Amino acid sequence: MIKNTLIALVAAASMVSVAAPAMADTAFGDGTPEMREFIADSILVRLQQQGVAATDVEEWGDLVRAFVTNPDGTQSMQLFTPGLLQPVTY
């Protein structure tokens with residue numbers, strides 16, 4: 001009995017670890033519009049805490065696109081990785 005339970009727990013943990021990277025690829029998740037808006041607001045706050053003068057964010061493919069106010073007052077777009085929100089350079 002204990003052996004079967006242990007095998008089931010290991011199998012479940014393995015499936016979760018395989019699914020986690022796939023879910024991490026989408027910055028805004030696949031939830032309801034309200035949940036996606038909440039996540040967007042959270043990403044915006046995190047970028048601002050990192051010193052990025054972002055005014056809005058949106059999902060752009062598998063990246064986060066931020067609309068940023070530059071020091072001279074102009075607007076630009078910058079891309080960030082989902083999760084860590086590291087700037088993307090090409």
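Modeller: Begin with pairs. This is a predicted model, and a search of the whole structure finds two salt bridges.

Biologist: What is the general idea behind such a pair?

Modeller: Side chains of opposite charge can pair when their charged atoms come close. Here, R36 and E59 form a salt bridge, at 2.6 Å from N to O. R36 lies in helix 2 and E59 in strand 1, so this pair ties together parts that are 23 residues apart in sequence.

Biologist: With which residue does R65 form a salt bridge?

Modeller: With E58; their closest N and O atoms are 2.0 Å apart. R65 belongs to strand 2, residues 63-69.

Biologist: Is R65 buried or exposed?

Modeller: Buried means under 20% relative accessible area. R65 has 18%, so R65 is buried.

Biologist: Which residues is R65 in contact with, leaving aside its neighbours within four places in sequence?

Modeller: The list includes D56, V57, W60 and M77, as well as E58.

Biologist: What about charges on the surface that form a patch?

Modeller: A patch joins like charges within 9 Å, using residues with over 30% relative accessible area and no salt bridge. In this model, E34, E37, D41 and D56 gather in a negative patch on the surface.

Biologist: Which element gives the largest share of the negative patch?

Modeller: Helix 2, residues 33-49, gives three residues. D56 sits in strand 1, residues 54-60. With a relative accessible area of 41%, D56 is partly exposed.

Key:
Residues numbered from 1 in each chain as written. Predicted model: local features only at pLDDT ≥ 70, side-chain atom pairs only at ≥ 80, totals over all residues. Heavy atoms only, no water. Patch = residues over 30% accessible without salt bridge, like charges linked within 9 Å, V, L, I, M, F, W, Y side chains within 5 Å. Areas by Shrake-Rupley, 256 points an atom, 1.4 Å probe, with all protein chains shown as cover. Salt bridge = Lys/Arg side-chain N within 4 Å of Asp/Glu carboxyl O. Lys, Arg positive; Asp, Glu negative; His and termini not counted. Charge placed at Lys NZ, Arg CZ, Asp CG, Glu CD. Helix = DSSP H or I, 4+ residues; strand = E, 2+ residues; numbered from the N terminus. Buried < 20%, exposed > 50% of the residue type's maximum accessible area, 1.4 Å probe, protein only. Contact = heavy atoms within 4.5 Å.
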